[in-house]
Amino acid sequence: MQPAARAAAAMAVLDRVLAGEPAEKALTAWGRGARYAGSGDRNAVRDLVFEALRCRRSFAALGGGLTGRGLILGAMRSMGQDMQQWYGEGAYAPAPPAADEAGRVPEGDEALDVPDWLAPALRRALGDDYAPVMQAMRQRAPVVLRVNAGRSTRDAARSRLLAEGIATRPHPLAAFALEVTEGVRKVQSSAAYAEGVVELQDASSQAVVEALPLADGMRVLDHCAGGGGKTLAMAARARLRLWAHDATPRRMADLPPRAARAGVAVTLTERPEATAPYDLVLADAPCSGSGSWRRDPEGKWALTPERLAELVALQGQILDRCAAMVAPAGTLAYATCSFLCDENEDQVTAFLARNAGWTCTGQHRFSPLQGGDGFFLALLARA
Ligand SMILES: C[S@@+](CC[C@H](N)C(=O)[O-])C[C@H]1O[C@@H](n2cnc3c(N)ncnc32)[C@H](O)[C@@H]1O
């Protein structure tokens, strides 16, 4: 496909997304109908779509409207290009911009691609880092691997990956983190991945697990396990007795094969209370996801004040439920991939006010300026 045809395809996919279809679904539907598209074309269309979604507000301003066409026109203009270059590319080239598609230069929160209603809460949470962090959230996220300490050292894993055409460099945020610098698309088909030497995991996610007080022999519950990224990272840190729970058990469907690949044992449970108490309970709670907007840009535009209030209430309930399962002198670790104080520090303050006999022994914020997603971790100790 010519660049013009790829741009036209991205416009059509974006129109479906703007009409309410999830981006992955819209891309799959386009891919099924585009048998002529090779893997390079599919990757290029996908990259364009996700870039336009990360920068939806500013590109719509630059491109003269919130449509698939406006977003791609805005993307071109943000790179100092215009559709002129495509006019020779035949029938698939988008039509030249009309007079009412001139667009305008975005300013302030519009230029930072922040929804107006969220800007005050993000400013409060991020302070002087607000603008640089929001700029960072407009960029594509790095691909980071976690070396499985049970299978390899970081240096040995780097050599293995390099032999398969995947170049990496150590990531400063976590001891076993490697950032992929070349060969990103080869990772999931590599032998190193298939044999459990490496897993895909954001650097802040890894740093959160490194900050947990884990030791051999501990009984540990991952209460919001999802696909099990943190479950497996915890298993790599110490010899634990490990349980994983999720309110939607099918989200854990990949966990048994991933655990087998990594060579660790995890028990999935629908009734975590039945095997309580635990020395440590991790509540990696459902949240706004504001810290991972680079990976899930649709989440930025889908969030509403009502949904945020629901999430804050749910986080409080999860914390209280988890607290009841922590053994005396044990730890409740509360994590979110959110920037917002409502979901982080304020949630901890409210928990301590509701629950006597607990103290907060540490709070950490991980910033995208350190190279990972935005994350928050609070360690709560039971007296
Ligand atoms: C942030 S994700 C977890 C990501 C996961 N820990 C990882 O590292 O890959 C939050 C998870 O919480 C689950 N969840 C939502 N409500 C829950 C509840 N009330 N109790 C337990 N899990 C819940 C969701 O299904 C989702 O999988």
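Trainee: Into which domains is the protein chain divided?

Mentor: This is a predicted model. Its protein chain is divided into domain 1 (3-106), domain 2 (144-200) and domain 3 (212-382). The centres of domain 1 and domain 2, taken over C-alpha atoms, are separated by 33 Å.

Trainee: How should I read the packing of two helices, and at what angle do the axes of α1 and α3 cross?

Mentor: Look at the distance between the axes, then the angle. Helix α1 (residues 3-18) and helix α3 (residues 39-54) have axes that come within 9 Å and cross at roughly 50°. The two helices are therefore oblique to each other. The crossing in which α1 passes α3 is right-handed.

Trainee: Which residues of α1 and α3 make the contact?

Mentor: On α1, the contact is made by R6, A7, A9, A10, V13, L14 and V17. On α3, it is made by D41, A44, V45, L48, V49, A52 and L53. Sorted by class, this contact of α1 with α3 has 12 nonpolar, no polar and 2 charged residues.

Trainee: At what angle do α15 and α16 pack?

Mentor: Helix α15 (residues 305-323) packs with helix α16 (residues 345-354) at an angle of about 45°, and their axes are 10 Å apart. That makes α15 oblique to α16. Their crossing is right-handed. V312, Q315, G316, L319 and D320 of α15 meet Q347, A350, F351 and R354 of α16 in the contact. By class, the contact of α15 with α16 holds 4 nonpolar, 3 polar and 2 charged residues.

Trainee: What should I expect of backbone angles in general, for phi and for peptide bonds?

Mentor: Most residues other than glycine have a negative phi, and most peptide bonds are trans. Now take two cases from this model. A276 and P277 are joined by a cis peptide bond, with omega about 5°. P277 has its place in the loop between β7 (267-268) and β8 (278-284). D113 is a residue other than glycine with a positive phi, near 60°.

Trainee: Where is D113 found?

Mentor: D113 is in the loop between α6 (108-111) and α7 (119-126).

Trainee: Turning to the ligand, which residues come nearest?

Mentor: There are 15 residues around the ligand, and of these C224, G226, G229, A247 and D284 come nearest.

Trainee: How many residues of the shell around the ligand are nonpolar, polar and charged?

Mentor: The shell around the ligand divides into 5 nonpolar, 6 polar and 4 charged residues.

Note on methods:
Residues are numbered from 1 along each chain as its sequence is written. This is a predicted model: local features need pLDDT of at least 70, side-chain atom pairs count only at pLDDT 80 or more; totals for chains, interfaces and linings use all residues. A residue is near a molecule or strand if its C-beta atom, placed from the backbone, lies within 6 Å of it. Ala, Val, Leu, Ile, Met, Phe, Trp, Tyr, Cys and Pro count as nonpolar, Asp, Glu, Lys and Arg as charged, and the others, Gly among them, as polar. Axes are lines fitted to C-alpha atoms, for helices over the stretch in contact, and angles run from 0 to 180 degrees between N-to-C directions. Helices (H or I, at least four residues) and strands (E, at least two) are DSSP runs, numbered from the N terminus. Angles under 35 degrees count as roughly parallel, over 145 as roughly antiparallel, 65 to 115 as roughly perpendicular and the rest as oblique. A crossing is left-handed if the near helix is turned anticlockwise from the far one by less than a right angle, and right-handed if clockwise. Two residues are in contact if their C-beta atoms, placed from the backbone, lie within 7 Å. Domain bounds come from an automatic or database domain assignment.
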